[in-house]
Structures are given as C-alpha cells and as structure tokens.
Amino acid sequence: MSINVYQLPIEQLEGLKEQLDNDVQSLGTAYDGLYNGRNRYQDNHDVIDQYKVVCENAKKEAAEQEVLVCMTSSLFVRGTVIPSDKVLVDVGTGYFLEQSMEHAKKYFTSRAAQIKESMDQVEKTIVLKQRQQNQVIDALQQKTVAMQRYREENGSE
C-alpha cells in the first residue's frame, strides 16, 4: 500500500519527514557499522599473509624473533614468534578456533562477503528512504507555497 504524500496535511508530512530523517540516520549508522566490520575481516585476511612471512623468516633464522603483542589499544607485551601454519580465529562471543592460515583466510573472505551482502541491502533501503524523504520534502514545499499564496490572496497573515 502506498500513500500519496501530496494529499496529506502539513502536520502529517512534518511527522513523516521526521520519521524518515530518523530512519535514514539509523540506517546510515548501521551501514557504517557493517562497513567497519567488513574492513576488519579484510584486514584480518591481509594480516595472515603478513604473519605467514614473519613465520617463514623465523624458520629461516635460528634466533628467536621478538614481537610486541597488542593486548588492548594502548597495552602491548613482548612475545616470541613460534613458527606455525595455524592461527587462532575469534569466531565471536569469546570463542576461538585454531585453523590453518589458508582456512582462516577463507573464513575472513566469506564473512566479508556476507557483510557486503548486508551492506548492499541496507544501501538499497537507504536509497528508497531518501527517495521517500525527497517526495515528502517536495510535498511540504508545495503545500507551504500554496498556503503562502492563499494568505497573500486573501490578505490574512
């Protein structure tokens, strides 16, 4: 069911515009969150390649390779690289799985693709809401102009 916004009174148009403004803002926030999540998965995929090089270098050199391990955004601890073809992957809610680097890369690629699909759906909804928003704004402007003309013609202000 569609509504002809040009038949709604100004008060309802203003309420509808406010709702659409909130919807677009909320969807934009959701899209940003999805975008950031997708970037994290893509970054994790790339980091595995970097870690693979570190492990290969550690195997070649007889000496231990020291690294700084990020514990939080502002806390690092010293660590030693132990060459391995396995990594621990955070699969959510505090669960970690030990996986081969190749399997982990596939996991990150798959998750990034899933998030991209969600981003595409949210983007379509944003475009739809923005179109609706533009119709409501147009209807509001037309009604406001018509009201001003009526007042000017009838001398009431």
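Let us start with the helices: helix 1 (residues 10-60) packs against helix 2 (residues 101-154) at an angle of about 160 degrees, and their axes are 8 Å apart. Here the axes are lines fitted to C-alpha atoms, for helices over the stretch in contact, with angles running from 0 to 180 degrees between N-to-C directions. Helices (H or I, at least four residues) and strands (E, at least two) are DSSP runs, numbered from the N terminus.

Before going on, please note that this is a predicted model, in which local features need pLDDT of at least 70 and side-chain atom pairs count only at pLDDT 80 or more, while totals for chains, interfaces and linings use all residues. Residues are numbered from 1 along each chain as its sequence is written, and side-chain values use heavy atoms, leaving out hydrogens and water.

Helix 1 and helix 2 are therefore roughly antiparallel to each other (angles under 35 degrees count as roughly parallel, over 145 as roughly antiparallel, 65 to 115 as roughly perpendicular and the rest as oblique). The contact of helix 1 with helix 2 has 27 nonpolar, 12 polar and 14 charged residues. In this grouping, Ala, Val, Leu, Ile, Met, Phe, Trp, Tyr, Cys and Pro count as nonpolar, Asp, Glu, Lys and Arg as charged, and the others, Gly among them, as polar.

Next come the strands. Strand 1 (65-72) and strand 2 (75-81) pair in the antiparallel sense over 7 bridges; strands pair if DSSP finds at least two bridges between them. The hairpin joining strand 1 to strand 2 runs through 2 residues. T72 has L75 of strand 2 as its bridge partner, and V67 has G79 of strand 2.

Strand 3 (86-92) is joined by 6 bridges to strand 4 (residues 95-100), and the two run antiparallel. D90 has F96 of strand 4 as its bridge partner. This hairpin has 2 residues between the strands, and T93 takes a positive phi near 45 degrees there.

Now for the pockets. A pocket is an open set of points on a 1 Å grid over the protein atoms alone, where a 1.4 Å probe fits, with protein on both sides within 12 Å along at least five of seven lines; lining residues have an atom within 4 Å of a point. The largest pocket has a volume of about 820 Å³, volume being the space filled by probe spheres set on the points. Of its 22 lining residues, N44, V47, Y51, V87 and L88 lie nearest its centre. Helix 1 gives the most to this lining, with 9 residues. The lining of the largest pocket divides into 15 nonpolar, 5 polar and 2 charged residues.

The second largest pocket has a volume of about 270 Å³. Helix 1 and helix 2 are the elements that give two or more residues to its lining, which includes L16, D23, K129 and V136.
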